[in-house]
Amino acid sequence: MENLAPKRDSIIILIGPMSAGKGTIAQLLAEELGLPRYEMDQVRQKFYNEIGYDEKFASQIVGDDGMMGLISYWQPFEAYAVERALEEYDNCVLDFGAGHSVYEDEDLFNRVQNALSPIENVILILPSPDLERSVEIVNERFSDLQVREVGKVDPELLSLNEYFVTHPSNSKLAKKIFYTEGQTAEETTSKILKWIQGVDRADDGPEKS
């Protein structure tokens, strides 16, 4: 993908693991700013299909190799979906699915990093700077979600989410990290709005804390 040049302040992107609170915060930001909100997990399929995503093959991979095998298959499609979403969507809040900001393959990571480089507001949402604590918090939430939705907890999905929390891709892609433990979603949203509006940028350090 070439000629991807979204205006650096026209889109707000939230990244992070499952159950980090991205969706709730994205909705609050969209409401406060009067912007549309898009979820990558809801729009990705049309982009995946453009480059030959095979649903039957994906199902076979899950049966043979589990979720990590599926994640490996998804990665080229996820990188392409990021590029296409940034081509198609502007002036909005976009929250990524957890895998769209985590890449093992260096070339795929570089493609996504290049696509995101012009965008000022790429925000990582985590509960805590202590990654072990973040894993504990998000997986407690994720376990509760699984019980509500399917009646049981899948340990493989919890391991996958730990991988998303601890993988370095997210922190490398983020322009700012917001830690949410001890805060309501509304309080975190208020801090993000101040940062977006330039109120709190003067104290930003290289650690993006």
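A pocket is an open set of grid points with protein on both sides within 12 Å along at least five of seven lines, and its lining residues have an atom within 4 Å of a point. I work with that meaning below, on a predicted model.

**Entry 1: the largest pocket**

I looked up its volume first. The largest pocket holds about 770 Å³ of space. Next I asked which residues lie nearest its centre. They are Met 18, Ser 19, Asp 41, Phe 142 and Leu 145, out of a lining of 35 residues.

I then sorted the lining by residue class. I found 15 nonpolar, 8 polar and 12 charged residues.

**Entry 2: helices in the lining**

Which helix gives the largest share of the lining? I found that helix 5 does, with 8 residues. Helix 5 spans 131-150. At least two lining residues each also come from helix 1 (22-33), helix 2 (40-50), helix 3 (55-88) and helix 6 (155-166).

**Entry 3: strand 3**

I moved on to the strands. Strand 3 covers residues 92-95.

**Entry 4: partners of strand 3**

I checked the pairing next. Strand 1 (residues 11-15) runs parallel to strand 3, joined by 4 bridges. Within this pair, Ile 13 has Leu 94 as its bridge partner.

Key: Residues numbered from 1 in each chain as written. Predicted model: local features only at pLDDT ≥ 70, side-chain atom pairs only at ≥ 80, totals over all residues. Heavy atoms only, no water. 1 Å grid on protein atoms, 1.4 Å probe; cavity = no way out; pocket = protein on both sides within 12 Å on 5 of 7 lines; lining within 4 Å. Points joined across faces, edges and corners; volume = space filled by probe spheres on them. Nonpolar A, V, L, I, M, F, W, Y, C, P; charged D, E, K, R; others polar. Buried < 20%, exposed > 50% of the residue type's maximum accessible area, 1.4 Å probe, protein only. Pairing = 2+ DSSP bridges.
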